[in-house]
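Please examine the assembly shown below.

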Amino acid sequence: SGTGDTKGKANNDVLKVSVAAQNNSGQVFQYMAEARDFLKEEGIDVNMVYINNGTDAFTALAGGKVDVISTYGTGGPLIQIANGQDFTVFGGYMIIGETPCFGKPETEWKNLESFRGKKIGITRGGTPDIVLKGILYDAGLLNSVTFVEYKKNQEVLQAIVSGEVDFGATATGYELQAAALGLKVKMWPDEYWPNHSCCRMLATGAWMKDEKNQEALYRLLRAYLRAEEAMQGNMDEVVDLVVKKLDLDKATVTSFVKSEHMKYDSDPYKNSVVKMWNKMGNFGYIKDSNVKIEDHINTKIYKKALDSLIKDYPNSQFFKDKLVQFNQNNA
Amino acid sequence: MLEVSMDNLQFGYGKELVLSGVNYKAKAGDFVCLLGQSGCGKSTLLRLIAGLEKSNPTQLMVGGKHVDGPSLDRGMVFQDYGLFPWMTAGDNICIALKQKYKDWDKHKTKEVALEWARNLGLDEDLFDKYPMNLSGGQKQRFATARAFAIDAPLLLMDEPFGALDAVTKALLQDTVLELWQNGKEKRKTIFFVTHSVDEALLLATDILVLGQAPSKIIYTHSFTEETKPTRGTLFTDPAVLDLRNRLTQIIYDEINEKALRVKQQKAADKSSEKTSFFNRKKAM
Amino acid sequence: MLEVSMDNLQFGYGKELVLSGVNYKAKAGDFVCLLGQSGCGKSTLLRLIAGLEKSNPTQLMVGGKHVDGPSLDRGMVFQDYGLFPWMTAGDNICIALKQKYKDWDKHKTKEVALEWARNLGLDEDLFDKYPMNLSGGQKQRFATARAFAIDAPLLLMDEPFGALDAVTKALLQDTVLELWQNGKEKRKTIFFVTHSVDEALLLATDILVLGQAPSKIIYTHSFTEETKPTRGTLFTDPAVLDLRNRLTQIIYDEINEKALRVKQQKAADKSSEKTSFFNRKKAM
Amino acid sequence: MVKFVKDYSGVIAIGTCLLIGYILLTDVFGVLSTFLFPSIFKVIKLFPQYIGQLLTGLISSLFLLVTAYVLAAISAITLGTMIGLKSGLRKNVTPYIYAFSAVPVPLLTPYAINLFPTFQAASIFLIWLAAFWVILGTTIGAVMSIDKRYLETASILEMPEAERLFKIVLPAASPSILVGCSIALTLSFMMLAVAEMFGAKSGMAYFVQYYSDFAKFDVVMLGFLFTSAVLVLIMYIFDTIKHRILHWTINN
Amino acid sequence: MVKFVKDYSGVIAIGTCLLIGYILLTDVFGVLSTFLFPSIFKVIKLFPQYIGQLLTGLISSLFLLVTAYVLAAISAITLGTMIGLKSGLRKNVTPYIYAFSAVPVPLLTPYAINLFPTFQAASIFLIWLAAFWVILGTTIGAVMSIDKRYLETASILEMPEAERLFKIVLPAASPSILVGCSIALTLSFMMLAVAEMFGAKSGMAYFVQYYSDFAKFDVVMLGFLFTSAVLVLIMYIFDTIKHRILHWTINN
Ligand SMILES: Nc1ncnc2c1ncn2[C@@H]1O[C@H](COP(=O)(O)OP(=O)(O)OP(=O)(O)O)[C@@H](O)[C@H]1O
Ligand SMILES: Nc1ncnc2c1ncn2[C@@H]1O[C@H](COP(=O)(O)OP(=O)(O)OP(=O)(O)O)[C@@H](O)[C@H]1O
Ligand SMILES: O=C([O-])O
Ligand SMILES: [Mg+2]
Ligand SMILES: [Mg+2]
């Protein structure tokens, strides 16, 4: 199948892959790979399809309308898998997203205990929801708080402002808006649950059986890994790309792209996924499932891409470090 | 030129009987005028013949066959005209012509429609008006023109000249007679409801008087070719004058009998002292 | 008992003039019958007096004031009845009574409505029927009963007895006359459109004949208390017979003149050879 | 019972066909995705387990629906009648009615949450808004095209405004207004999908969305069936009322 | 120009009032949240910057709208006429119409994505569905209540089915059907909010949703204003056509 020696020369048997993503989360690897021509070099043609609702995206993936989904968190896809969808995690996009828990300035928050008896606004099934519930479950507080569900992060913010809820957790990119509404970040979930796993990249198992498709994913991951390398120390360029692509102001983009609570990472992070799976079982998001999550994580393609890159770029410390990280997190 | 036979015809809206035991046979080519008090069932009878109300298969036959729905064979002028308000008056005639004469082109259809309108004293400039912008008599004449235009062998006309001034009415009566007579051996059969005894005398070969509800035929009169009144003899021939008085008297008696019945009913019900209006009148 | 004066009254729908130069003054208590060919503008004139069409402030006054909208002072019977189809026939009378006699209770209102219906020969069991289930003549009589019930000083009636049989019509003519005469010094002013010269002769104190469009008054006749015909003198008094012939002739001439005009126009337009129907008739 | 079967034989026949069609497409030939279109037998078996939740959902949905719908009917019919009767007013406000109705209700959620004190109020507002536009539109249309003879007769009787409205204008316009009301009712059900997406803990659309988020499409299907049954029942009641109001228009 | 101002003086006056009211509520007294309700001046200034995106959005939205709407109008009027004319059929299918219309269109996105080959087809389906229910409902209602005299006259003339349909049934029912069509048009706009949430790269509702996610509520407001202007324009055209079709009902 794939060869490692595509370096530097345009591939003439270009493979196509369509990737569904939320149009409002920065597709940084994609932007960078485009900007640096990595996609062309790797012989992969990515068609981005923007779908704003997880369920719609999962349906599109299951029905073969798209080949890959990239930014729908971890929890949503795991629920689908638990219910019998033939999805497989083969890579990552962010290991932690910037998913703060907000509150009004006057609302007191010292530690997890401060949540007791309070109302927390979330968007159901989103990463902030699952991570927060996981943390509260471990702290034995899950049954002592009331969760109020919204469909959009905007609505969560408005609900905090209007006092309908005491706290609210949102997805990436709302920090400045929250500040504009006079809200303050009260806690960062990733401080309580490091590397909890955020957006995963998935494809269906059936689709991935085809060797040509494996080759496509392999090329995609190579391009994205190269993009990830290129991003190191170049976050300003990333910010500019996102500003241009998303028509956002620089301050907003900077706030999440450069945040210490945001880690872009293409590693599948099998261990984190399994941990989240187990926690979701604990607090009831996954029930009576006889699915083995390990069957739905494929780390081989990523490993192969990484290995080939180390071979192609023997001088890159970055890829070597990625391998170390891989070995730690994908046991 | 279709014969119509009613054999113990009975009909009611819901449970309430309107017609009961109506027996009559109109020969093909007869011109039958229906007289009768307001509300006695004249329109209902026409609707039955037209096939707009369901009748019992054995009780009503037209041209030897049971009537089981309306058809182009039976032209009708409705008491309330029934013009399509979304078409010009002229198009109301044209669409009828189009059904009958499918091979005519637009031009020919319009020519003939215009001719019919003219025959009924309707100016060409009314042709393009919508029904809502016509006077009562104009609407009525367009409806009549439409019925004439399809040249059906059986024509059912429900007070077609009720809204016309005396002169226009007289002219149109002549037109109908002419139309009917021109048919020669293939004369149309016409059922013509009117509230004017004179009109009936002038037009009919046969006059029927309908009685109280549930209504049956309480009087019939047939003219022969010789006895049929004309405009000349209508007010002079003693036989015709006598017939006019008889017809008027029959309707009058029928109305008074009903008023009496109502009054007795009421007296029985609540010994009301009020005298019915219709009883106060001793003579017209 | 409202006087009506028209001073060079002019009116048209859009650009087309219907009435032009109508001059007339009806004294309070007059019973004015309007005659005229179908489509000449009789209904239009009544609508103007009723305030349903806008007239020029100087051209039409009722009771000394300009008409700028309809009012309870002017009862109207529409040519097409205008009953509310969502109310029973009886409720159509009751709702009118309620507007005029606001203090009456339901029972009293219904009693009076029933009385009016009875006066027009309508059975009590028709009272609860919906208009769509009534015969043409029944609808017309309910509309008349409604107009009578509000007891307006000015009554505008557009062919109110057009759909009635001869006997019922005669009885109702008597009722109208009675109603009008009973008013004594406070007699209603009545404008009554009819297409029957006889009806006009029997009812009117004043007869107006309207001419061709744009229409004006082409003939007027007033009766005095003594010369006013009755049912007895209608067909015997030579003066009345003469007047009837005159009126008929006027309308006839008017119609023929128009037909001639149309014909000449057409001849000029396209040298058509067709003879107008209205010209073929030499005499009625 | 025999009569019932006879009266509804057509309905039952169509239902049976639909059912068989679905079974053929799923269980038998597996044409449809089994994930989104589960076996109907599986769905029915879930009923006892979820009936409690469905009923709770029904109650909270009905609270939103009834409140919003009644408010919408009253406000839209009142306003629509006014606008429909006054052609001058109509000409002037029509562009604004169109302009405001162009704003997609589903995108107004942040505004609703901001402007209203509770999320229930915001939910009611969103349902109200959708129903309002529909009833307003039909009412204006209906009132505009009332046969002018009726209004003329009313003005000859010098009816007071209120009586004219309730005895003449509304009855004359009622056939169209009621069509609008029935569409608005269906649309209100649709808007539950928007209104119960925030701040709700139960509700018929919440139920569907919730299990859809958890990829339990058999339960989702149960929710759809339940919602449909509820609407059919409500529409049956609505039609009975409508039939009573409109008996004077019935032709056959 | 003078004539224009005179004809539309009421419209302009109302517009001015609304504008002043908004300015008072925002810039002057700051009653409304400045976050969600930005200064109108700020919004207007954004116009040149976003006009390109808005126009691209307009084109892709119009493609969805026109396709879905035309299909909905044709299918719903055809079906509605059939059902409205045949009272037997009507009785049997009505419960199913209600049942299917109860399913909230916004919750059907996964099914649409699954069943249709492309995202665009799925989007069109969702808009179609919403418009379809509305037009179907009004058409059935309108056809049902056609004055039976017209049908009687048609049957006396033995009109062929097609002619009866186009010359009698549809014209007689057209006043109500067109009210339904105009509501359906507004609703189609609303459904853009659902249809452009997946697979779209531009569109009027996409635009609003996109900037709403990033809390750029000034741009969102611009999107609303633009959408409204488009609908007002479309409705103006629609009303002109409607007026032409219905000239025979115009009373004043
Ligand atoms: N659709 C209907 N439903 C119930 N009753 C009706 C219906 N149509 C007519 N009737 C009743 O049947 C009787 C006969 O009505 P029909 O219209 O045949 O009378 P008519 O002789 O034509 O009267 P007119 O001379 O007044 O037109 C009347 O008493 C009327 O009230
Ligand atoms: N709304 C309208 N718009 C345009 N023209 C009209 C309108 N109403 C009536 N007309 C025309 O005005 C003329 C007078 O009509 P009007 O109804 O007053 O006649 P009429 O004397 O009452 O006739 P009839 O005896 O037939 O009822 C007619 O030629 C008619 O076509
Ligand atoms: O993008 C996130 O799922 O937070
Ligand atoms: Mg009759
Ligand atoms: Mg008239």
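Q: How do you know that chain A and chain B do not touch?
A: In this predicted model, the nearest C-alpha atoms of chain A and chain B are 48 Å apart. Contact requires heavy atoms within 4.5 Å, and no contact is found between these two chains.

Q: What makes up the contact of chain B and chain C?
A: Chain B contributes 49 residues and chain C contributes 47 residues. Together the two chains bury about 4200 Å², with 54% of that area on carbon and sulfur atoms. On the side of chain B, the residues that lose the most area to chain C are Ser38(B), Val167(B) and Leu171(B), which together account for 14% of what that side buries.

Q: Why is the pair Lys129(C) and Glu16(B) called a salt bridge?
A: The closest N and O atoms of Lys129(C) and Glu16(B) are 3.4 Å apart. The cut-off for a Lys nitrogen and a Glu carboxyl oxygen is 4 Å, so the pair qualifies as a salt bridge. The rule finds two salt bridges across the interface of chain B and chain C.

Q: Which helix of chain B gives the most to the side that touches chain C?
A: The helix is H5(B), with nine residues. The residues on that side of chain B divide into 15 nonpolar, 16 polar and 18 charged.

Terms used
Residues are numbered from 1 along each chain as its sequence is written. Chains are lettered from A and ligands numbered from 1 in the order in which they are written. This is a predicted model: local features need pLDDT of at least 70, side-chain atom pairs count only at pLDDT 80 or more; totals for chains, interfaces and linings use all residues. Side-chain values use heavy atoms; hydrogens and water are left out. Buried area is the accessible area (1.4 Å probe) that two parts lose on being put together, summed over both. A salt bridge is a side-chain nitrogen of Lys or Arg within 4 Å of a carboxyl oxygen of Asp or Glu. Helices (H or I, at least four residues) and strands (E, at least two) are DSSP runs, numbered from the N terminus. Ala, Val, Leu, Ile, Met, Phe, Trp, Tyr, Cys and Pro count as nonpolar, Asp, Glu, Lys and Arg as charged, and the others, Gly among them, as polar.
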